[in-house]
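Hi everyone, thanks for coming.

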Amino acid sequence: MADTYVLVHGAWHTGAELEPVARALRAAGHTVLCPTLAGNRPDDDRSRIGLADAVASLVEFVEANDLRQLRLVGHSYGGMVISGAAARLLPRLARLVYVNAFVPQPGESLNDMVPPHYKALFDTIAAANGNAVMLPFAIWREAFINDADHELATSAYAALNPHPYRTFTEPVALEQPLAALTVGKSYLNCVLDTALPASLPWHPRLSERLGLFRYVECAGSHEAWFTQPTALAQAIEAAGRD
Amino acid sequence: MADTYVLVHGAWHTGAELEPVARALRAAGHTVLCPTLAGNRPDDDRSRIGLADAVASLVEFVEANDLRQLRLVGHSYGGMVISGAAARLLPRLARLVYVNAFVPQPGESLNDMVPPHYKALFDTIAAANGNAVMLPFAIWREAFINDADHELATSAYAALNPHPYRTFTEPVALEQPLAALTVGKSYLNCVLDTALPASLPWHPRLSERLGLFRYVECAGSHEAWFTQPTALAQAIEAAGRD
Amino acid sequence: MADTYVLVHGAWHTGAELEPVARALRAAGHTVLCPTLAGNRPDDDRSRIGLADAVASLVEFVEANDLRQLRLVGHSYGGMVISGAAARLLPRLARLVYVNAFVPQPGESLNDMVPPHYKALFDTIAAANGNAVMLPFAIWREAFINDADHELATSAYAALNPHPYRTFTEPVALEQPLAALTVGKSYLNCVLDTALPASLPWHPRLSERLGLFRYVECAGSHEAWFTQPTALAQAIEAAGRD
């Protein structure tokens, strides 16, 4: 079955970092696109861009490419963006796939779902950097890409870009809970993911907000896009198929 | 070591659907039997048959075959049935093995252990169908056989049969908690199982009712009998051996 | 990268039982030492030796061998010992690695972290055996080495030695929480470990006491040293590397 996928990156990433997974999905016969959201492009104004801008850029991308029967996959922060775009894109959607991704309730921001010490850390970084935030390397290495060796942890970190903090603080615009949206939903959980602490986890805390959903697991950390691209592509296919 | 196993199916199943796993266990040298419980046979009266009838049919089967040093394996609803039969079969038992199965306390019914929305759903279905219940395909596909492709999800669903609801609502007859039963006990958890939600899980919520028990894991969903029969057979052997 | 590891055994073990894992790490180019702690040596006085003695024996071992850039790995009870030794060895340490190991808060004993029925059991055994405790075979077989066959479960049990109970009851001497210690920290969790019950688990209950830490998983039970030595060695390397 040849399906159409759009992979939506997380904070600090662009679509380019998802290409190894996209290539593996294309090798299985699928059409796969990896746009870079507003806010993470080279010349974007990080001081200004918020969640609504990122959502609008995704909606525009899907409509401009006239995509249909779409499997819309969001990673991490990308879960905020596909959630915000879902209602507007509904007639074009076959399924939403959350990959260790945030699942907001109406009116929630990403910051409403993270531990207080993350919010405190990023508040400080944003205040000192014109509202752009970077992830300190120590946290990246230990808690985000815990399954990489030091060389990969370092090279992957070098690919990241400063992230517009308003996308973390701005509430999502949702008219109803995602559980009420009549579209297929899957949650893919990378079992070594500790980007959120196990005591405040992705699954089942956030996944069960989807109502009836399909649960899939994958090896690897929050950054399995770098460390386990082939396994992650297979898991995305198991999550995204009919 | 050649052991004797009886595999006890879950709701909506018969012994026939367990045959792929049984064949893999037989290939490892074991004797394996897969009876179909009262209530799930073609001509059984689904309006009337309850848990005590299903338990009696299992006891009768084991006694009629004069099985000894038996590893009695129950899947899902089958956990209610092996629990109800255990005390009567005790001299014949080497070990009880629960495979993502219900472990009741004395006086509990299966419905006492499921989420309220399952009970509400099945109450409605039973009322409209002469006390027989079927599992809606959407729930089957997303939450029970989440690791299958669409073709296998569909063909496996076609093998199911209407289930007598009194086996869900009738309390089990137990004289003492299963933890007090002096027989080996194992709990086998298929790690992708979402037939019960992760917030109200099989393990450790139900497994720890066994007291001292052996924990084993397997790949796959609640329906690993269809999707992972070889892995499941190996895990049952690891759970069932001395 | 050739690193230096010291593997610190758990209760009832000596360094000898860790040798299969040590050999696999040495085959990957590392220097690996497996001392036996005070209290578990053949002629040690089990009635007298406590946690401070075991900690002192580890500090002495590391200093006598003048080890530097050390990856200090503690298993189970060994987590108490590396925790107690860490501050004194700090200039020599590259990283602490806890393998299903106890992570104490200042002033806690091992017994403060186990289920009440374990404490009651060991109190009774210690009182009857001059303050030395053994682990009953049934608990060992079902809850500690659940992934072994009966032959390995039996032969591994024969290698154990009586353990000095004062190392379980004596509080650890820590000047500050381990989270405040400026050294790399990893927690390695063997996914079938049921030596502590899943409702009172190693991870995240104890692991998150480390503050920022790297999480790694491995196949196998609490006794993966016997059942999964190659996989455990690879996981220790993933946990211990920079």
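On the chain A side, Glu142(A), Asn146(A) and Leu192(A) supply 41% of the area that chain A buries against chain C, more than any other three residues.

Before going on, some housekeeping. This is a predicted model, in which local features need pLDDT of at least 70 and side-chain atom pairs count only at pLDDT 80 or more, while totals for chains, interfaces and linings use all residues. Residues are numbered from 1 along each chain as its sequence is written, chains are lettered from A and ligands numbered from 1 in the order in which they are written, and side-chain values use heavy atoms, with hydrogens and water left out.

How does the model score? It has an ipTM of 0.95 and a pTM of 0.97. Chain A averages a pLDDT of 97, with 100% of its residues scoring at least 70; pLDDT is the predictor's confidence in each residue, from 0 to 100.

Back to chains A and C. Here 16 residues of chain A are in contact with 12 residues of chain C, where contact means heavy atoms within 4.5 Å. How many salt bridges are there between chain A and chain C? The count is 2, a salt bridge being a side-chain nitrogen of Lys or Arg within 4 Å of a carboxyl oxygen of Asp or Glu. In one salt bridge, the side chains of Glu142(A) and Arg95(C) meet at 2.4 Å, N to O. Helix H5 of chain A, residues 137–144, gives the most to the side of chain A that touches chain C, with 5 residues. When I say helix or strand, I mean DSSP runs numbered from the N terminus: H or I of at least four residues for helices, E of at least two for strands.

Now turn to chain A and chain B. In this interface 12 residues of chain A are in contact with 16 residues of chain B. The area buried there is about 1,100 Å², with 54% from carbon and sulfur atoms.

Strand S8 of chain A, residues 214–218, gives the most to the side of chain A that touches chain B, with 4 residues.

Let's stay with Glu142(B), which sits in helix H5 of chain B, residues 137–144. Is Glu142(B) buried or exposed? Glu142(B) is buried, with a relative accessible area of 10%. The cut-offs are under 20% for buried, over 50% for exposed and partly exposed in between, using a 1.4 Å probe and protein chains only. Leaving aside neighbours within four places in sequence, Glu142(B) is in contact with several residues, including Leu212(A), Phe213(A), Tyr215(A) and Thr194(B).

Next, inside chain C. Arg71(C) forms a salt bridge with Asp242(C), with the closest N and O atoms 2.8 Å apart. This pair links distant parts of the chain, 171 residues apart: Arg71(C) is in strand S3, residues 70–75, and Asp242(C) is in the segment after helix H9, 229–240. Arg71(C) is buried at 1% relative accessibility, whereas Asp242(C) is partly exposed at 37%. For background, side chains of opposite charge can pair when their charged atoms come close.

In chain A, Asp3(A), Arg71(A) and Asp242(A) are linked in a network of salt bridges. Over all chains, the structure holds 33 salt bridges.

One last stop: strand S8 of chain C, residues 214–218, is mostly covered, with 4 of its 5 residues buried. S8(C) pairs with strand S7 of chain C, residues 184–190, in the parallel sense over 5 bridges; strands count as paired if DSSP finds at least two bridges between them. Within this pair, Tyr187(C) stands opposite Tyr215(C) in S8(C).

That's the tour, and I'm happy to take questions.

Key. Buried area is the accessible area (1.4 Å probe) that two parts lose on being put together, summed over both.
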